[in-house]
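This report describes the fold of a single chain. Please look over the sequence and the model before reading on.

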Amino acid sequence: MKILVVEDESDLRDIIAFMLESRFGAQVLEAPSGNRAIEIIRENPDISCVVCDYRMEDGSGGDVFAFLRQNQPAMKFILCSSGPPDDYPEFREARPAAHFQKPFTAEQLSAGIREVLGLTPAAMAQQKPPRYCKIRTQTILKMDLLNCDLYVRLSDTKFVKVVNSGDVFGESDLLRYDEKRIEYLYIRIEEAEAFLQKFTRDVLTISKAKEAVPQDTAIVLNKATLEVVHEMTHRLGFTREVAELTKASVELALRCIRDDPRLSCFLQKLAVDPNSFISSHSSILAHVSCGIATMMSWNSESTRHKLALASFLHDMTLESDQLALVGDAEGLAAIEARFGESGRSTYVKHPEEAAKIARGMAEMPPDVDMILLQHHERPDGSGFPFQHNYRRLSPLSSVFIISHDIVTQFHLAGGDPDLAKFLLEREKLYSAGHFRKILATLQASLK
Ligand SMILES: [Fe+2]
Ligand SMILES: [Fe+2]
């Protein structure tokens, strides 16, 4: 249900919009003037009801009412004004569906809307609350121009619009939300598709730029992108738009690995963000696994493509960062102790779930599903879900498993990359098959 709120006082408009969203689950459109309202009505003939002020600078409530009578006689009009309708010439001949004299309470307005729209308690119960997906404010800052409205979450069911589609979200906005400790804003699920398309275009523009893309810039942007992919996968499913954004992110990672194939990640701090563990370690993992493959002289474009895709998808079906972090750091027993049997079962299944997503993705290169399926196996057969040992693990899975281990260990060490210590500790575990060769190459790289 769409309701248009026309009010030139922005505070009052926000309160009315918030009340309509939270009580009726309505999609609220807003206009600061009569003429803007008429434009919005032209673009949205499916609006159920217009809640409208009378006295406004650019077009009055009377103008909106006259427009509706001529063009949309079925659209309900509720007047909220300081005087009675008889004070205004446009309402002498025809009356609004309801009238509220300012000041009025939220209770009065909501009772009036219920009556005008014939919303019985049963019909109200059927109104589904709107669904939202969260987007980090830092990520929003990366978009030039917004193509959807942004909301702040007040509680599980209460959201209030704070930024309009078409606005620019700049540094000062980011600061304002940082000060209020608001890390995420929300978009409506119906607008997610358009948001994803725009975001994908923005990521591709950077990956196709003429200048070299520094690894740390790409890692940060890919972390933001993967966070969006992750959120959308859980809210919408792995749709075509989500798949396109994943591919754009892989493009960006490959572009910067091509620009600088050295394992520079080892030399700098691997700052895995514990608050977005899945997206940040996935983004770093793409760079580390492609770097190791290059050192092994498995440096074809297609190998890198497979490793980057696997990195981005491997933990995508896990909803909780904590689940991924505890699982990677402490193993299955810790998962069961902290998250119970259902947490354990979700975690054990995630390699197969990720492989399923890969198989369903158009143009997915072969082997990616195998890497995903095997990413928690161990060369000594102590991993899951199949307890395969090194003989059953493919060369690319082996690179991936070691890279994942490095990224996790460096994260646990607080980002202090002591590769020599890591290699020493892992000598026994990685002593057979492809694992031995990879470890030897890494050891040689330190000399
Ligand atoms: Fe995983
Ligand atoms: Fe992981």
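The text below covers the overall build, the sheet and its helices, the nonpolar cores and one tyrosine.

**Overall build**

The model is predicted. The chain contains 20 helices and nine strands. Its C-alpha atoms fill a box of roughly 90 × 50 × 40 Å along the principal axes. Of its 447 residues, 40% count as buried. Among contacts between residues at least 6 apart in sequence, 67% join residues at least 24 apart.

**The sheet and its helices**

Five strands form an open sheet in the order β2-β1-β3-β4-β5, with parallel pairing. At the edges are β2 (27-31) and β5 (98-101), each of which pairs on one side only. From one strand to the next, the twist averages 20°. Strands in a sheet pair through backbone hydrogen bonds, in either a parallel or an antiparallel manner.

Strand β4 (residues 76-81) runs parallel to β5 and is joined to it by four bridges. Serine 81 stands opposite glutamine 101 of β5.

| Helix | Residues | Strands touched | Angle between directions |
|---|---|---|---|
| α5 | 106-116 | β3, β4 and β5 | about 175° with β5 |

Nonpolar side chains tend to be buried together in soluble globular proteins. The largest nonpolar core here has 72 residues, of which Ala253, Leu307, Ala308, Leu313 and Leu372 touch the most other members. Helix α11 (residues 240-259) gives the most to this core, with ten residues. At least three residues of the core come from each of domain 2 (130-190) and domain 3 (209-446). Apart from this core lies another, of 34 residues, including Ile16, Leu20, Phe65 and Ile113.

Which residues does leucine 307 contact, leaving aside its neighbours within four places in sequence? They are Ala286, Ser289, Cys290, Ala293, Leu396, Val399 and Phe400.

**Tyrosine 347**

Tyrosine 347 is found in helix α16 (residues 332-360). Is this tyrosine buried or exposed? Tyrosine 347 has 24 other C-beta atoms within 10 Å, and the cut-off for a buried residue is 20 or more; therefore tyrosine 347 counts as buried. Neighbours within four places in sequence aside, tyrosine 347 is in contact with Leu323, Gly327 and Ile335. Alanine 253 lies 94 residues from tyrosine 347 along the chain, and their C-alpha atoms are separated by 27 Å.

Note on methods:
Residues are numbered from 1 along each chain as its sequence is written. Chains are lettered from A and ligands numbered from 1 in the order in which they are written. This is a predicted model: local features need pLDDT of at least 70, side-chain atom pairs count only at pLDDT 80 or more; totals for chains, interfaces and linings use all residues. Helices (H or I, at least four residues) and strands (E, at least two) are DSSP runs, numbered from the N terminus. A residue is buried if 20 or more other C-beta atoms lie within 10 Å of its own, exposed if 12 or fewer, and partly exposed in between; C-beta atoms are placed from the backbone. Two residues are in contact if their C-beta atoms, placed from the backbone, lie within 7 Å. Two strands pair if DSSP finds at least two bridges between them. Axes are lines fitted to C-alpha atoms, for helices over the stretch in contact, and angles run from 0 to 180 degrees between N-to-C directions. A nonpolar core is a set of buried Ala, Val, Leu, Ile, Met, Phe, Trp, Tyr and Cys residues joined through C-beta atoms within 7 Å. Domain bounds come from an automatic or database domain assignment.
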